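Hi,

Here is the structure I said I would pass on to you. Have a look at it first, and then read on for what turned up.

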Amino acid sequence: MTTLHEPVVTTTPTDLSVWPASTTEPRPGDLAVGGVPLAEVADRFGTPVYVLDEDEIRERCRTYRNAFPDAEVLYAAKAFLCRAMVHWMDEEGLGLDVCSAGELELAVTTGFPPERIVLHGNAKSPRDLEAALRLGVGRIVIDSPSEIARLAAAVGPGGRQKVMVRVVPGISAGGHDKIRTGTEDQKFGLSIRDGYAQHAIARILDQPQLELTGLHCHLGSQITSVKPYLSAVRRLVGLMARLHEQHGLVLPELDLGGGHGIAYRPGEEALDLTMLARRVRAELTESCTAAGLPVPRLIIEPGRAVAGPAGIAVYHVLAVKRTGTTTFVAVDGGMSDNPRPALYGVRYAPRLIGRASTGPMAPVTVVGRHCEAGDVLAADVELPADVRPGDLLAVPVAGAYQLSMASGYNLVGRPPVTAVHDGQARLLVRRESLDDIRRRDVGL
């Protein structure tokens with residue numbers, strides 16, 4: 001572990017609003033998170049390196065528990081998962097939302113209670129379902145009609161599995177077309193409008209092995225307005241009312257998914273969690289009262305909003321090149337550890353760390369090391385004009401959907417993950433080595 005030995009006078013920079021709350025500047029240009037200088041983390045573990053502020057993650061879990069005291073909060077593991085994250089979620093009282101046998105087995109073998117896990121997926125493999133049933137997962141979210149008979153057969157005579165149905169409420173919400181999942185024209189869920197959801201529910205009710213506990217929807221990602229969630233509540237309660245009328249069915253659970261938007265750069269809008277909780281609770285109560293239904297238990301599934309702001313990616317600058325009117329700053333990572341800019345055109349706010357600069361700020365484009373023109377980490381951002389090879393750049397809000405979507409492009413190996421807490425840094429996930437890559441390549 002790395003421990004700070006020298007007492008220093010620290011200040012919290014006012015321009016680091018999207019950084020973890022523990023971020024300080026012990027000396028000009030030298031940022032510390034969780035009491036550990038980021039330059040020290042880079043020196044010890046190499047770069048690229050990902051840093052998670054454990055206290056920030058735990059505090060965000062507590063914020064959700066406090067905002068939704070009567071709801072079940074599930075951490076969306078697809079945002080980022082490792083054994084430490086599983087342990088933190090367990091200790092903070094959150095459940096888990098997983099999408100594969102891999103995520104599920106990592107959680108359970110780490111000691112997470114399987115009954116607090118929900119399995120999702122639009123195309124669950126036989127291995128996914130086998131693992132879920134073998135390990136005793138709490139609920140399985142049915143996403144297509146073909147899953148109903150397959151799952152009932154896998155449960156077997158005398159068995160019983162709790163399930164939910166993912167429905168499409170026909171609501172467009174989210175920060176990009178590729179992450180809007182509440183509309184009719186994408187691969188997830190069963191449509192309310194076309195009657196597919198109602199038909200699937202009727203089939204589930206005919207299967208004694210399956211216990212339908214509720215409805216599920218997920219509108220998309222990076223949603224910063226409360227209104228889409230209120231619309232979803234009204235439409236799902238409307239469906240629950242029709243199911244009660246047709247089948248006498250009273251469902252005890254309603255899962256609104258996640259997608260809670262966060263700010264990646266200072267000044268960007270984020271979802272107001274307190275307002276979300278207050279208005280969703282009021283809307284759910286009002287809609288159920290009007291329909292003559294008891295209020296179901298609410299379930300939410302934040303992922304990005306828990307992990308994203310707690311993470312920082314640290315890179316070394318490898319080259320600075322001026323082409324025409326553009327200055328390119330190339331770093332030793334890129335789209336293999338963060339494909340989000342290439343996929344969604346997202347924007348970050350990198351910062352020079354490890355030294356103080358007296359130079360003026362200038363527009364640059366931070367690019368990665370990969371053989372792809374789209375390997376751009378941050379286009380047209382402000383960095384000191386004297387940025388040079390050997391410098392360190394830190395990118396905040398890096399805890400979600402970066403390493404979880406990392407690839408093996410150019411065989412550079414995925415970066416390590418470290419955690420900082422109370423002035424100490426420790427390794428959570430080691431760097432992927434060339435030996436790791438060679439071991440998987442078994443033939444000539």
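Let's start with Val 367: setting aside neighbours within four places in sequence, Val 367 is in contact with Phe 328, Val 329, Ala 330 and Val 331, and also with Asp 375, Val 376 and Leu 377. Bear in mind that this is a predicted model. You'll find Val 367 in strand S18, which covers residues 361-367. Its relative accessibility is 12%, and since the cut-off for buried is under 20%, Val 367 counts as buried.

On to the nonpolar cores. Which residues touch the most other members of the largest nonpolar core? They are Phe 68, Tyr 75, Met 85, Met 89, Leu 215 and Val 366, out of 131 residues in that core. Helix H8 (residues 227-247) supplies the largest share of this core, with nine residues. There is also a second, separate core of five residues, among them Leu 74, Val 118, Met 164 and Ile 299. As background, nonpolar side chains tend to be buried together in soluble globular proteins.

Met 85 is a handy one to click on. Not counting residues up to four places away in sequence, Met 85 touches Leu 52, Ile 57, Tyr 75, Phe 80 and Ala 307.

Next, a pair of helices. H4 (residues 101-109) packs against H5 (residues 126-135) at an angle of about 25°, and their axes are 9 Å apart. Angles under 35 degrees count as roughly parallel, so that is how H4 and H5 run relative to each other. Their crossing is left-handed. On the H4 side, the residues that meet H5 are Ala 101, Leu 104, Glu 105 and Val 108. H5 brings Arg 127, Asp 128, Ala 131, Ala 132, Arg 134 and Leu 135 to this contact. Sorted by class, the contact of H4 with H5 has six nonpolar and four charged residues, but no polar ones.

One last stop: is Ser 144 buried or exposed? Ser 144 sits in the loop between strand S9 (139-142) and helix H6 (146-155). With a relative accessibility of 16%, Ser 144 counts as buried. Leaving out residues up to four places away in sequence, Ser 144 touches Asn 122 and Leu 190.

Cheers

Conventions. Residues numbered from 1 in each chain as written. Predicted model: local features only at pLDDT ≥ 70, side-chain atom pairs only at ≥ 80, totals over all residues. Heavy atoms only, no water. Core = buried A, V, L, I, M, F, W, Y, C linked by side-chain atoms within 4.5 Å. Buried < 20%, exposed > 50% of the residue type's maximum accessible area, 1.4 Å probe, protein only. Helix = DSSP H or I, 4+ residues; strand = E, 2+ residues; numbered from the N terminus. Contact = heavy atoms within 4.5 Å. Axes fitted to C-alpha atoms, helices over the stretch in contact; angles between N-to-C directions. Parallel < 35°, antiparallel > 145°, perpendicular 65-115°, else oblique. Left-handed = near helix turned anticlockwise from the far one by under 90°. Nonpolar A, V, L, I, M, F, W, Y, C, P; charged D, E, K, R; others polar.
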